[in-house]
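I am opening my notebook to write down, one entry at a time, what I look up in this structure. I begin with a strand, then turn to the sheet around it, and finish with some helices.

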Amino acid sequence: MTSSAVPASQSPAGEPRGKPLGWSSARRVGSRVPRSIWPLIAFLVLFVIGGLIRPNLITVDSLIGTATFAIILSIASFGQTIAVIQAGIDLSVPNTIAFSALTFLGLVGPLGPAGAFSAALVAGAVIGLLNGVVISKLGLTPIVTTIAMNGLLFGVILLVFNFSELTAIPEFILAITSAKISVLGLETAAVLPLGLALMAVLQLVLSFTGWGRSLFVVGSAAEAARLGGLPVDRIRIGGYVLSGVLAAFAGVVIVGYYQQASATMGASYLLSSVAAVVVGGASIFGGRGSVVGTVGGALVLAQVSTLVAVLNLGANIQQLIYGVIILLVISLYGRRANN
Amino acid sequence: MTDARVGAAVPAAAPGHPDLPDGPWSPGEALLVATDLVKSYGPVQAVQGVSFQCNPGEVLALVGENGAGKSTVAKMLAGAVTPTSGSIAVGGQPLAYGSVRQSRQSGVRCAFQELALVPDWTVAENLSLPDGAPYRGFSQKKSVVAAAELLEAFDLPHIDPRATVGTLSLADRQLVEIARALAGRPKLLILDEASSALTPPGVAWLFQRIRELTAEGGSVIYVSHRLGEIAEIADRGAVLRDGKVAGEFTRGSWTDDQLISLMAGREAARFFPDPPARTTDATALSVADLRSEGVHGIDLSLGAGEILGIGGLQGHGQAELLRALFGAAPATADSWTVAGRAVSGTTPVRSVRHGVGYVPEDRKREGLALEMSVGENLLVPWFKAYQLGGRPRLSRERGWIDGILGALSVHTRGPNELSGALSGGNQQKLVFGRWMNRSRTVILLHDPTRGIDVRAKQELYEAIVDLAKQGVGIIWFSTEVEELVHVCHRVVVLYQGTVIDELTGVRLTGDAVVGASMGLRAAA
């Protein structure tokens, strides 16, 4: 009897064995820490690792450089965060960025900077509206709808825009993005405070407004939201519109910061926007996520790309690492969601 | 156990012919011995030292309030949960912890309340799932034939093996789940609230199966809140309270009241409040010739402060009626008014605005956002896009939230606890509580007391009666005939999507309700 019990208790199948008590209490403490803190801790660890490899990386300038890169990725990922919270996804972010950037540059001449800026945001809103209406009214899955929209936009971009004559970038866009400003004695690009302010506003909307909380209810349990009398379709469409507007805003910001635009300028944000959101602690199944977390996720990814650059590994390796990070994070968070 | 592990690698046997290892147990000794079972989840001790045994051919009931640890014990026996300490032996052999597969190989099968069926698969696929070794080919045709035979053998000819499980009624899904557990010809069958959605004929069917199984020497662990069922089927029973065995009983040696006191740890009687006297003749809701999918022309009139019971067998249009009245399913009617205002083609959003509230059938999927807090779940219908939400809103509504949590005695650490962490009965209270004191005209209840413990039921009855006193009209579909008879002013029994009988006054008896649900219209 005893001998037969031994292999049974070591059975590889089924649930994990009873864990030592230390692990469960560590887990208990861990679960009290807000989820958006984890990416920041991960970022600090990576920052220190970078410092161990190259001591000259631990400087305020290097930190600001990484943060600036991260905040641009964050701005591009804010819309994605909102789409993911409501249990959707917005894979049209890359070409919404390109479309709005090119619309902006194309219309600066006829409409002036403010008019062109508004037109770019309206373009993003229309793209989001189409996504939202198709997803909630026709019942198509978000992943298919938005990836189709992304392809459609790419076609429109290639057909409509003439790349040979891109006008100069207006002054006020440069002023809010690439212009150097001094905050508390530190010199940074204006995009950094801009992005942080946007983060604060969005986080307040998500945490403390009826619409924000409804978005979480819809993402967490759409049927419960519907039977509770929430206007689920309207909330969903609103979420995609906001996602489109934010992606469009990101397009203008990217133009201002890098001072160039092309049809493929958004391509790298397809994977990285999802990665930033997921690393930031959002649940890909909806109902959980924060823009503060997304900024943390973007910081992690930015630090990874800094390390990749320092170690001279090349852009392909960077994509590979991003992919590994997404898988790792989803497997970690996904497991916790099941418990 | 070693041979069982070898057995895991070779294709498992077809349904009905499992290759159970022949344990060295003789009929005289206990089939199942559980000793000092302990299970803790972090700081929470769900089960703290439970011991019991079950003899061959015996039906052992496990009773207790929600959160008493019944389900955890059942899951440990099924191998779905690993005990923190303690031991379980089946037929003299220790059970492999935490492995459902090994438990099954030892002849233990389980049917859970939270259904373990794949909703997108057909009945046939779900029935062959447990024995379908992944290395063996799968034939739709053969599985349908096998499933049809199985359903025939178990006297369930009305279930189509080709139907997708998600399209079946909850009761039918439970029947499939039980049939799946029975298909393995278990030595020990665990039924964890498996009868919670079954109607009286369904329960009779289940008891027939249980008697067949025990006649062959199998044992059944029967977890239920329904004391009537336990009185009928259980040979012995153990009462769990706060994770410990609070007492044991044998057939015929107990009364409902004794058992309830034992479960609650205090003197408590099973008690149905009377419906309150009506003070007004105002009409809360009236609908003429309501038609929807599964509802074929229903006339209803509900007075303010009236509790209108909806009876009938599951699947005769009750769920559809409530959904149609709330606007969750498309419906048309010749005339339709709520509080005197004409309504047409309503949606849930409009219904809430008109003063209607709805407590849906499935609290986990349709009722709550489990990842959100208790307070926010109460506030779900009351979120307005341009108003505050989150914590500022919670603190502004603190008085209302505390009032609801207090009135329903919801066991929670406070409005900020995740609703997913609550027990089933407390979750149900949240789905109900969100409509309280919100100037509702009509509240539609879909079996709100299903699968919750006696004390929680009592608290809900009182809350329902209180609402009626305030003048709210209540339409209450219940699968428990006693609730309909005792707490409702009037009961409408549905049969095949229409009203077959309306019972009130002296005609409102349990027999009349059951009779009408079978399609018999009692003589007036």
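In which sense do β13(B) and strand β19 of chain B pair, and over how many bridges? I keep in mind that the model is predicted. Looking it up, I find that β13(B) and β19(B), which spans residues 473-477, pair in the parallel sense over four bridges.

Entry on burial in β13(B). Are the residues of this strand buried or exposed? I found that β13(B), residues 307-311, is mostly covered, with five of its five residues buried. I307(B), G309(B) and G311(B) point one way from the strand, while L308(B) and I310(B) point the other way, and all are buried.

Entry on the whole sheet. I read the strand order as β17-β18-β19-β13-β20-β21 in chain B, an open sheet of six strands with mixed pairing. The edge strands are β17 (356-359) and β21 (498-504) of chain B, each of which pairs on one side only. On average, neighbouring strands of this sheet are turned by 20 degrees against each other, if direction is ignored. I also looked for helices against the sheet, and found that helix α10 (residues 318-326) of chain B packs on it, touching β13, β17, β18, β19 and β20 of chain B, with a direction that makes about 150 degrees with that of β18(B). Helix α19 (residues 510-517) of chain B lies across β13, β20 and β21 of chain B and runs at about 25 degrees to β20(B).

Entry on helix α7 of chain B. This helix covers residues 200-215, and its 16 residues reach 22 Å from the first C-alpha to the last, close to the 22 Å expected at 1.5 Å a residue. I listed its buried residues as G202(B), L206(B), R209(B), I210(B) and L213(B). Why do they sit on the same side of α7(B)? They do so because they cover an arc of only 100 degrees around the axis. On the other side of α7(B), I found A204(B), Q208(B), E212(B) and A215(B) exposed. Among the elements that cover the buried residues are β3 (59-63), α6 (170-183) and β8 (219-223) of chain B. Just after the helix, G217(B) takes a positive phi of about 95 degrees.

Entry on a helix pair in chain A. I looked up helix α12 (residues 269-279) and helix α13 (residues 291-310) of chain A, whose axes come within 7 Å and cross at roughly 120 degrees. The crossing of α12(A) past α13(A) is right-handed. The contact includes A275(A) and V279(A) of α12(A), and G297(A) and L301(A) of α13(A).

Chain B has 19 helices and 21 strands, and 52% of its 524 residues count as buried. For chain A I noted 14 helices and two strands, with 49% of its 339 residues counted as buried.

Methods. Residues numbered from 1 in each chain as written. Chains lettered and ligands numbered in written order. Predicted model: local features only at pLDDT ≥ 70, side-chain atom pairs only at ≥ 80, totals over all residues. Expected span 1.5 Å × (residues − 1). Buried ≥ 20, exposed ≤ 12 C-beta atoms within 10 Å, placed from the backbone. Arc of directions from axis to C-beta. Contact = placed C-beta atoms within 7 Å. Pairing = 2+ DSSP bridges. Axes fitted to C-alpha atoms, helices over the stretch in contact; angles between N-to-C directions. Left-handed = near helix turned anticlockwise from the far one by under 90°.
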